[in-house]
Amino acid sequence: MLRFTLYRLAQALGVILVVFTITFFLIRLTPGDPFAGEKAMPPDVRRVMEERYGLNKPLITQYFTTLGSYLRGDFQPSMKYQGMWNVKIIKDAFPISLAIGSCALVIALGLGLPAGIIAAVKKNTWMDYGFMSLALIGICLPTFVMGPMLIMTFGLKWRVFNVAGWFEKTDWVLPSLTMGLIYAAYIARLTRGGMLEVLNQDFIRTARAKGVPGSRIVMVHALRGGLLPVVAFLGPALAGITTGSFIIEKIFNLPGLGQHFVSSVFNRDYSLILATVVLLATLLVVTNFLTDVLVAWLNPKVRLS
Amino acid sequence: MSTVLDVQDLKVSFHTRNGVVRAVDGVSFKVEKGKTTGIVGESGSGKSVTCYSLLGLVPMPPGRIEGGSAKFGDVDLLKLSEKELQRIRGSRISMIFQDPMTSLNPWLRVGTQVAEPLRLHEGLSKSEAWKRAVEALREVGIPDPEKRIHQYPHEFSGGMRQRVMIAMALITRPELLIADEPTTALDVTIQKQVLDLIRDLQKRLGIAVVFITHDLAVVSEVCDYVNVMYAGRLVEASPVQELFARPRHAYTQALMRSIPALQRKGEPLYTIPGLPPDLANLPSGCAFRPRQTPERQALCLTDRQPPLVEVSPGHWAQDCPGCLIRD
C-alpha cells in the first residue's frame with residue numbers, strides 16, 4: 001500500500017508539472033497580453049508593468065522563475081487585478097464554489113442513487129419509466145434553462161429565495177439545486193445501469209436460492225458492484241463540481257471560482273490562469289486517487305494487485 | 001422409504017413476444033430420502049426450469065406456473081408465497097449451480113457467503129456462524145479453512161469454488177439438494193472429486209438429491225433413478241440400471257449412442273440429427289418425430305401427445321408407436 005501510494009504521488013506530481021508547463025506556454029501563444037485594453041497603455045507605463053511582472057525577460061527564464069516560485073508556494077500576484085494575489089482571489093472564491101458544489105453533490109447522490117436503485121429493482125414498471133424519464137429530462141436540460149426555471153418558480157412566483165446574489169444564508173439553495181439535479185440525473189442512469197448488470201449475474205440467483213430477502217440482496221449482494229460505474233464517474237466529476245460552474249455563477253451572480261476560469265482567459269491574466277488551472281489539476285489528481293482507493297475498497301480483485 | 005418431494009403434472013410456461021413457450025409441460029416425478037434422482041436432457045429441454053420453478057426462482061413475469069403440485073413434506077411448494085419460500089430456500093432445500101466461477105459473489109468474503117444461510121435461517125451470531133462455516137469448509141475438503149474463510153472467491157480455483165458452493169448449500173443440513181449441472185463447468189478430474197464429495201455427504205447426511213445434467217456418464221455414476229426430459233416432457237423414467245440395460249424410448253437410445261466412450265475408435269461420432277423443437281411452436285404429436293429416422297417417423301403419433309405408460313415395473317416411457325421399443 002505504501003509503495004502504491006508513493007508511486008501514485010510521483011505520478012500525480014508529474015501530471016501537475018506537465019499541465020503547468022503546457023498551460024504556461026499555451027497562454028503565451030494567444031494574441032494579446034494582460035495590459036492590452038481598450039485604451040492603449042502609454043509605452044513607458046507598459047515597460048514598467050512588464051518589468052514588474054518579469055514579462056520583459058526571455059520566456060524560458062520566466063518559465064523557470066514561475067516554476068521556482070510555485071515550488072516555494074508563492075502563486076504570484078494577479079496581472080489584471082492590481083495589487084491582488086492569486087492566492088487571495090482563490091481563497092475568497094473557492095469556499096463559495098466548494099459550499100455550493102458540496103450541497104449539489106449531496107442533492108445529486110440523495111436523489112440519484114435511490115432513483116437508480118429503485119428503477120433497477122422495479123425494472124420495466126411505471127416507477128422505472130418515471131424515474132428514467134425524469135433523468136433524461138435532467139440530462140437534456142442545460143443549466144442555463146434549469147437555473148432560470150428554478151428562479152422563476154421559487155424566486156419570482158413563490159418568492160421563497162432570492163433570485164440571485166450571495167447575501168443571505170439561503171442563497172446557496174437554488175444554485176445547488178440547479179447543479180445537483182443535473183448530476184442526479186446522470187447518477188440515476190449510471191446507478192440503474194450498474195445495478196441491472198449486477199442483478200442479472202449468477203451470484204444473485206445463488207443468493208435468492210439461499211433464501212436471502214430482496215432488500216438484503218440489493219443492499220448487501222448487489223450494491224457494491226452496482227455502484228462501481230457511479231464511483232468511476234464521480235471521481236473526476238468531483239473536481240468540476242467543487243470548483244464551480246461559470247454558467248451557474250453567471251445566472252445566480254455568485255462570486256465563485258468558476259467565473260475566474262473563464263474571465264482570466266479573456267483578461268489574458270497569465271498568472272491567474274496558471275493558478276486556477278494548477279488548482280483544478282491538483283484537485284483532479286487528488287479525486288482520481290481517492291476514486292482508485294474507493295474502487296479498491298469496493299472491489300477485492302483490484303485490491304490484490 | 002419416505003418421499004421427500006412429490007411433483008405432479010408440473011406445467012411452467014413463459015409468455016414472450018413470440019408466443020407462449022411451454023418450457024415444462026406436465027412433468028411428474030418423486031424424490032426419495034437418501035436417493036439421487038437425475039433429470040437428463042439437452043439444453044432447452046426444461047430440466048433447469050423444472051427445478052427453478054419449485055423454489056420460485058423462475059422470473060415472473062414472463063414465467064408462469066400453469067398447474068401441478070409439488071408436495072414437500074406437508075406443503076405444496078407451488079402454492080407458497082415468496083416469504084414462505086424464502087424460509088425454505090437455503091434451509092430445507094438448497095441448490096448448487098453450474099458455473100462456480102460466477103455463482104459466488106465476487107465482492108463478499110467466502111465466510112460471509114457460506115455463513116449467510118445460518119445467519120438468515122437459524123439466527124446465529126456472526127462469530128457462531130463463522131465457526132460453523134469453518135467446519136463446513138473443512139467438511140468439503142478445503143485445506144486450511146481458518147485462513148481460506150477470510151478470502152474472496154477469486155482466490156479459489158474452480159473446483160474449490162464448487163466445494164464452497166456445496167459447503168454453503170449443506171451448512172443448514174437441508175432435506176433436499178438440487179444440483180443444477182454442478183460438474184459441467186469443471187474439468188474431468190475435478191468433476192470426479194466433486195461427484196464423490198456430493199455422494200459422500202449425501203450418504204452421511206441422508207439427504208435427497210435432484211441431479212440435473214446432460215451427461216449420461218455422470219448419471220450412471222451418481223443417480224438411483226433417472227428422468228429423461230425432451231421438449232418440456234418426460235419421455236422416459238426408470239431406475240438407473242434398468243435404463244442403461246434396456247432403454248425403451250428412441251430419444252434415450254439416441255442419447256446413449258451419442259456417448260463418445262461407447263463408440264468404436266476411428267468412426268465419426270454419432271450425433272442426433274436436427275435440433276430440439278421450438279417450444280413456442282411444438283408439433284401436435286410426438287415431439288421427437290422430426291428427428292426420427294424416416295421409416296420410424298411414419299409410425300409416430302401426429303394427432304395427440306403420447307402418454308407415459310409403465311412398460312415394466314418402475315420403468316415408464318412415452319407410448320409413441322414410432323419411439324417406444326417394446327420387447
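This is a predicted model: local features need pLDDT of at least 70, side-chain atom pairs count only at pLDDT 80 or more; totals for chains, interfaces and linings use all residues.
Student: Why is Ile217(A) called buried?

Tutor: A residue counts as buried under 20% relative accessible area. Ile217(A) has 5% relative accessibility, so Ile217(A) counts as buried. This residue lies in helix α9 (residues 214-226) of chain A.

Student: Which residues does Ile217(A) touch, leaving aside those up to four places away in sequence?

Tutor: Ile217(A) touches Leu199(A), Ile204(A), Ala207(A), Arg208(A), Val212(A) and Ala222(A). By way of contrast, Val173(A) is 44 residues from Ile217(A) in sequence and 36 Å away in space, C-alpha to C-alpha.

Student: What makes up the secondary structure of chain A?

Tutor: Chain A has 14 helices and zero strands. Of its 305 residues, 42% count as buried. Its C-alpha trace spans about 85 × 60 × 30 Å along the principal axes. Among contacts in chain A between residues at least 6 apart in sequence, 73% join residues at least 24 apart.

Student: What makes the pair Arg216(A) and Glu116(B) a salt bridge?

Tutor: A salt bridge requires a side-chain nitrogen of Lys or Arg within 4 Å of a carboxyl oxygen of Asp or Glu. The closest N and O atoms of Arg216(A) and Glu116(B) are 2.7 Å apart, so the pair meets this cut-off. Between chain A and chain B the count is three salt bridges.

Student: How is the size of an interface expressed?

Tutor: It is often given as the accessible area lost when the parts come together. For chain A and chain B, the buried area is about 2,300 Å², and carbon and sulfur atoms give 58% of this. Arg205(A), Arg208(A) and Lys210(A) supply 27% of the area that chain A buries against chain B, more than any other three residues. In terms of contacts, 23 residues of chain A meet 28 residues of chain B.

Student: Why are β6 and β11 of chain B said to stand at the edges of their sheet?

Tutor: The sheet is open and has eight strands, in the order β6-β7-β8-β3-β9-β10-β12-β11 (chain B), with mixed pairing. Strands β6 (93-96) and β11 (308-312) of chain B each have a single partner strand, so one side of each is left without a neighbour in the sheet. Neighbouring strands of this sheet are turned by 20° against each other on average, direction ignored.

Student: How many bridges link β4 and β5 of chain B?

Tutor: Two bridges link β4 (residues 63-72) of chain B to β5(B), in the antiparallel sense. Because at least two bridges are required, these strands count as a pair. Phe72(B) stands opposite Val75(B) in β5(B). Both strands belong to an open sheet with the order β2-β1-β4-β5 (chain B). Its edge strands are β2 (19-32) and β5 (75-76) of chain B.

Student: Why is helix α7 of chain B described as largely enclosed?

Tutor: In α7(B), 13 of the 13 residues are buried, so the helix is largely enclosed by the rest of the structure. Helix α7 (residues 158-170) of chain B reaches 18 Å from its first C-alpha to its last, close to the 18 Å expected at 1.5 Å a residue.

Notes:
Residues are numbered from 1 along each chain as its sequence is written. Chains are lettered from A and ligands numbered from 1 in the order in which they are written. Side-chain values use heavy atoms; hydrogens and water are left out. Helices (H or I, at least four residues) and strands (E, at least two) are DSSP runs, numbered from the N terminus. Axes are lines fitted to C-alpha atoms, for helices over the stretch in contact, and angles run from 0 to 180 degrees between N-to-C directions. The expected span of a helix is 1.5 Å times one less than its number of residues. Buried means under 20% relative accessible area, exposed over 50%, partly exposed in between (1.4 Å probe, protein chains only). Contact means heavy atoms within 4.5 Å. Buried area is the accessible area (1.4 Å probe) that two parts lose on being put together, summed over both.
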